[in-house]
Amino acid sequence: MHINDAVFLEDLCPKFRLRQWRKSIHKFTGKSCIYCGKQSESIDHVIPRSQGGLSTTENCVPACLSCNGDKSDKNALYWYRRQKFYDPRRAMAIRAWLEGDLRLAIRLLQWANPNFQVKNKNYMKDESEYKAA
Ligand SMILES: [Zn+2]
């Protein structure tokens, strides 16, 4: 598949683009919840939409259903601080993610969890692709 075809297809079909984008978010952390490290099954808005948070890569993190549901529409950083599984390295990772520094965020997550594996080694390529979007 040529890259031009992909762009063309995404322009024609926004749903396809959205699905690809959601997939790419999970890929960044190797499908692990940014808060607790369990399997990520959903996308969580760090700054809730009710508080003006946007559906951008910077504001959307992979989260398990339990964290996503419990956090609900609270501010992620405040909520996370009160959790039993709080880890300052993960808090820093969330902050870096919010600032759009996914490379730093992923490095911090790796530090917080030695078993952490990014399954897609080309994630930096993905990052630049989705930054342009
Ligand atoms: Zn979780």
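This is a predicted model: local features need pLDDT of at least 70, side-chain atom pairs count only at pLDDT 80 or more; totals for chains, interfaces and linings use all residues.
**Entry: the zinc site.** I then listed the protein donors of the zinc ion, which are the SG atoms of Cys-33, Cys-36, Cys-64 and Cys-67, lying 2.3 Å from the ion. For the geometry, I checked the angles that the four donor atoms subtend around the zinc ion; they run from 104 to 116 degrees, which makes the arrangement tetrahedral. As a reference for my reading, the ideal angle for four tetrahedral donors at a metal is 109.5 degrees. I also looked up the accessibility of Cys-33, and with a relative accessible area of 0% this residue is buried.

**Entry: salt bridges.** My count of salt bridges comes to two. One of them joins the side chains of Asp-44 and Lys-71, with an N to O distance of 3.2 Å. This pair links distant parts of the chain, since Asp-44 sits in strand 1 and Lys-71 in helix 3, 27 residues apart. I wanted to know whether these partners are buried or exposed, and I took under 20% relative accessible area as the cut-off for buried. Asp-44 counts as buried because its relative accessibility is 3%, and Lys-71 counts as buried because its value is 0%.

Another salt bridge is formed by Arg-89 with Asp-87, and here I noted 2.9 Å between the closest N and O atoms. I looked up both partners: Asp-87 is buried, with a relative accessible area of 12%, whereas Arg-89, at 25% relative accessibility, counts as partly exposed.

**Entry: Thr-29.** The side chain of Thr-29 reaches the backbone oxygen of Ser-32 at 2.8 Å. I recorded Thr-29 as buried because its relative accessibility is 1%.

Methods
Residues are numbered from 1 along each chain as its sequence is written. Side-chain values use heavy atoms; hydrogens and water are left out. Donors are N, O and S atoms within 2.8 Å of the metal (3.2 Å for Na, K and Ca); water is not among the atoms, so sites may look incomplete. Four donors count as tetrahedral if all angles lie between 85 and 135 degrees; four count as square planar and six as octahedral if opposite donors are over 155 degrees apart and all others between 65 and 115; anything else is irregular. Buried means under 20% relative accessible area, exposed over 50%, partly exposed in between (1.4 Å probe, protein chains only). A salt bridge is a side-chain nitrogen of Lys or Arg within 4 Å of a carboxyl oxygen of Asp or Glu. Helices (H or I, at least four residues) and strands (E, at least two) are DSSP runs, numbered from the N terminus. A polar contact is a pair of N or O atoms within 3.5 Å; within protein, one must be able to donate a hydrogen and the other to accept it, and residues adjacent in sequence count only if both atoms are side-chain atoms.
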